[in-house]
Amino acid sequence: DKDKKEVFIGFSQSIDHDIWRTSMDHAMEVETSLHPEVSLKIYNANRKSKKQIRDIEKFIEDKVDVIIVSPFESDSIIPVIEKANAKGIPVIIVDRKINSSNYTAYLGADNVEVGRIAGKHIVSLSKGHANVIEIKGSYNTSPGLERSLGFRQIVNQYPGIKVITLEAQNDELPKNEFVKALESYSDINYVFAYNDVIAYQSWSVAKQKKLENKIKFIGVDGINGPNGGIQLVKDGVLESTVLYPTGGSEAIKLALRIVGKEIVPKNNKLNTLLIDSLNADIMSNQFDKITIQQSDIEQQQSIIKNQEKKYSTQSNLLKLLISL
Ligand code: FRU
């Protein structure tokens, strides 16, 4: 349809080589492919705040229609986001929050709730008596702070639950400290890790010490597919994981509503839930179905495009013949 204006969306991703991030990028690409008038450009800041700022600067220079940002840190990128906002370019923040309200919309699950779900799971499995190692995320990210906050809100109500807290730097298990904690406390029953990758790393270390069957491991993210958290639950490596959706397709949908001049809510909450051995199969079946439907749609889109090409060559040929 020639009347449709082209739409340019710029997405500033913060972290590379990470299954949760790549699945967010993929969800955005799939959603974009369903809208032929939309093009999506993704820059990855590779964990560097300075690069993320430059990437967003570039989107401003290129005058994209909407900028989607998944922040690496909550503070350093505030000025460039406020700059985009001042220039009238809508900005959608996904996942990690920023300490400013000068953006168009935020999209993400509630990380305090994520922490509470993990806390309640430990309370109910242990009946309020447990020794826990909490591996919390970095303090300069909102998920790091909020997951820990929600977790503490619950477990601190139970004097029978003792928690040792370690901090993960750069989304990695603090291996030496974790080994030390396992060696100094012989009766650890639970590990609550900031995400599934760290939960898996802690399981591997515990396995080397033949402790993996004495401890229940709980993570966050619940990505579907071969190396994701849902599979780890099915394999019995993790006791459970708390689903933390990436919001990739929702971010594109939200961007298109904004381009369509719709007034959108400032805060857009994604759902979270506990995944354990009782629902892991159902969850992965549902996600698999969605993936199959998406690839069916993508295939149909490319068939339509080919038909359109054929049709336009034929009609050009016809015009040529008529003009002769
Ligand atoms: C991936 C990740 C996820 C986590 C999110 C929080 O880079 O660490 O595991 O849920 O980022 O920002």
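**Figure 1. Strand β9 and its burial.** Six of the six residues of β9 are buried, so this strand is largely enclosed by the rest of the structure. A residue is called buried if 20 or more other C-beta atoms lie within 10 Å of its own, exposed if 12 or fewer do, and partly exposed in between, with C-beta atoms placed from the backbone. Strands (E, at least two residues) and helices (H or I, at least four) are DSSP runs, numbered from the N terminus. The model is predicted: local features need pLDDT of at least 70, side-chain atom pairs count only at pLDDT 80 or more, and totals for chains, interfaces and linings use all residues. Residues are numbered from 1 along each chain as its sequence is written. In a regular strand the side chains alternate between the two faces of the sheet. In β9, K216, I218 and V220 point one way, whereas F217, G219 and D221 point the other way, and all are buried.

**Figure 2. The neighbours of β9.** Two strands are said to pair if DSSP finds at least two bridges between them. Strand β8 (residues 190-193) runs parallel to β9 and is joined to it by three bridges. Within this pairing, F192 stands opposite I218. Strand β10 (residues 240-243) also runs parallel to β9, with four bridges between them. The bridge partner of I218 in β10 is S240.

**Figure 3. Two crossovers that include β9.** A crossover is right-handed if, with the strands pointing away from the viewer, the path from the first strand over the helix to the second runs clockwise. A right-handed β-α-β unit is made by β8, helix α7 (residues 196-208) and β9. From β9 the chain then passes through helix α8 (residues 229-234) to β10, and this β-α-β crossover is right-handed.

**Figure 4. The surroundings of the ligand.** The ligand is surrounded by 13 residues, of which the closest are I15, D18, W20, P143 and N195; a residue belongs to this shell if its C-beta atom, placed from the backbone, lies within 6 Å of the ligand. The elements that give two or more residues to the shell are α1 (19-33) and β9 (216-221). By class, the shell has five nonpolar, two polar and six charged residues. Here Ala, Val, Leu, Ile, Met, Phe, Trp, Tyr, Cys and Pro count as nonpolar, Asp, Glu, Lys and Arg as charged, and the others, Gly among them, as polar.

Figure 5. Most residues other than glycine have a negative phi. K63, which is not a glycine, has a positive phi of about 50°. K63 is found in the loop between α2 (49-61) and β3 (66-69), and it counts as exposed because it has 11 C-beta neighbours inside 10 Å. D95 likewise has a positive phi, near 65°. D95 is found in the loop between β4 (91-94) and β5 (105-109), and it counts as buried because it has 26 C-beta neighbours inside 10 Å.

**Figure 6. L145 and the chain as a whole.** L145 is found in helix α5 (residues 142-155), and it counts as partly exposed because it has 19 C-beta neighbours inside 10 Å. The C-alpha atoms of L145 and G248 are separated by 22 Å, and these residues are 103 residues apart along the chain. The chain has ten helices and twelve strands. Buried residues make up 40% of its 324 residues.
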